[in-house]
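Student: I would like to learn how to read some features of a structure. Please show me the model and begin with the terms.

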Amino acid sequence: MTTRLERITQQRQQKLERLRTHGIDPYPHRYPRSHTAQQAVALLKQKEEGSTREGRVSVAGRIMAIRRMGKSTFADLRDGSGKIQLLFQNTDGLDEKLGELLKELDIGDIIGAEGELFRTKTGEPTVGVSNFTLLAKSLQPLPEKWHGLSDTDTRYRQRYLDLISNPETQETFKTRSRIITAIRGFLNARGFMEVETPILLPHAGGALARPFVTHHHALDQDFYLRIAPELHLKRLIVGGLDRVYELGRIFRNEGISTKHNPEFTMLESYQAYADYNDVMQMLEEMVAEVSQKVLGTTKIQYGEHTIDFTPPWPRLTLRDAVIKYSGIDFVKYPTADGLRERMRPKMREMGLEVDPGKNWARLVDELISTFVEPNLVQPTFVLDYPVSMSPLAKTKPGEDRVVERFEAFAGGMEIANAFSELNDPKQQRERFEEQLAERQGEDEERWTIDEDYLLALEYGMPPTGGLGVGIDRLVMLLTNQQSIREVILFPQLREKP
């Protein structure tokens with residue numbers, strides 16, 4: 001027994017064959033479009049105001065609705081700019097062949113249409129079609145408005161259907177593009193140079209994360225998808241490129257959540273002769289400027305909250321933040337066992353257990369993610385982290401156990417991370433060796449020391465402020481999306497069985 005979907009696709013296939021029988025190519029090579037839908041609507045307004053006498057257009061796009069009314073047929077045509085109505089009048093302007101073609105059209109078909117612009121009695125901008133061409137026959141029906149396109153799994157797996165049927169999805173990704181363009185403009189205006197660094201690396205480094213590993217057959221060597229571009233970008237600082245940045249994909253073989261995707265987009269920038277205070281000021285200015293340029297305001301709605309990105313953002317130390325939101329002073333518990341015992345009752349109050357395998361630094365990180373991060377809705381800088389959590393950051397003067405590092409939070413999530421970069425090669429080697437010793441027991445990860453990076457430091461790297469910004473999370477905030485999958489065109493999903 002055939003399903004409704006199978007019957008529809010069979011009918012459309014039959015229409016396709018009839019078109020070919022009548023000598024109509026259902027997939028022509030090109031169409032000379034004169035105006036987008038948006039441009040056509042603007043032209044009609046100019047014509048009505050008397051600023052132009054021109055009114056003939058050729059538009060092209062996908063048919064999103066068909067309304068047949070006697071000898072007249074109305075259709076909604078949508079392209080990348082918006083929607084415009086078409087009017088086909090069988091008795092006036094269309095020859096017999098076009099009239100037959102009109103009968104074969106379905107919702108989802110892509111057509112080009114030529115005619116005069118006018119406005120209907122209801123005020124709808126419309127093209128009175130005198131000629132049209134089928135540009136692509138749709139063999140699959142579009143999902144019904146309230147069924148397939150409200151299902152998030154379908155929307156993520158078949159993003160093209162989501163984009164076709166949900167204009168708000170298109171707008172989200174158009175906004176994402178404008179955000180990235182504005183970030184580039186901000187950095188370029190301040191003398192930063194955009195660069196590209198390798199994605200396939202012989203060493204997993206630059207961040208504390210589990211890498212993806214692949215094998216290069218010609219070289220007979222394992223490579224890692226980068227977990228951060230940091231070490232290569234700092235090589236460029238050594239080489240005399242004083243301000244550099246990269247916008248690119250990062251890969252981390254870790255969990256998936258509403259805030260995490262295995263591949264994501266990161267901005268990393270490095271500025272010579274600067275420290276984390278300079279970077280803090282630059283970040284808050286950048287986010288405020290981007291929000292103003294893209295959205296026209298520095299105050300945005302995120303869920304039930306109004307977030308204000310106007311500088312300056314509040315600043316508090318990590319120690320004070322953890323005490324404020326958890327009641328635990330981690331400095332008083334310098335061992336993993338001691339801190340774990342102090343955390344256990346607090347975690348159990350929230351229905352959570354403390355991981356017995358985590359070291360001291362990872363336990364502090366768990367305090368941040370569990371107690372601090374959810375409470376930082378307004379943009380906030382949390383600064384001065386334990387050295388064991390930040391092997392690439394420079395210690396604060398006079399404080400051997402604290403480094404000049406900040407994380408920026410907004411909307412209850414981390415959006416940026418930054419250091420005063422460690423540029424002492426001897427101290428950096430010691431940090432790497434300590435990190436390697438801690439990681440050796442983790443079978444999933446293959447950690448080595450990047451000797452070439454240490455060699456680069458021996459040539460001398462100036463004082464440098466480094467910054468990493470999670471672009472996807474920033475886009476979530478600026479588009480009021482609660483899941484990272486809503487701002488990544490093709491998020492990772494488990495394959496269907």
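Tutor: Buried means under 20% relative accessible area, exposed over 50%, and partly exposed in between, with a 1.4 Å probe and protein chains only. This is a predicted model, where local features need pLDDT of at least 70, side-chain atom pairs count only at pLDDT 80 or more, and totals for chains, interfaces and linings use all residues. Residues are numbered from 1 along each chain as its sequence is written, and side-chain values use heavy atoms, leaving out hydrogens and water.

Student: Are Asp384 and Lys396 buried or exposed?

Tutor: Both Asp384 and Lys396 are buried. Their side chains form a salt bridge at 3.6 Å, N to O; the term means a side-chain nitrogen of Lys or Arg within 4 Å of a carboxyl oxygen of Asp or Glu.

Student: How many salt bridges are there in the whole structure?

Tutor: Side chains of opposite charge can pair when their charged atoms come close. A search of the whole structure finds 39 salt bridges. One of them joins Glu421 and Lys234 (2.7 Å, N to O). Glu421 is in the loop between β18 and α12 and Lys234 in helix α7, so the pair ties together parts 187 residues apart in sequence. Helices (H or I, at least four residues) and strands (E, at least two) are DSSP runs, numbered from the N terminus.

Student: Where do Arg340 and Asp337 lie?

Tutor: An α-helix has 3.6 residues a turn, so residues three or four places apart point the same way. Arg340 and Asp337 are three residues apart in helix α10, and their closest N and O atoms are 2.9 Å apart in a salt bridge. Arg340 is buried at 7% relative accessible area, whereas Asp337 is exposed at 55%.
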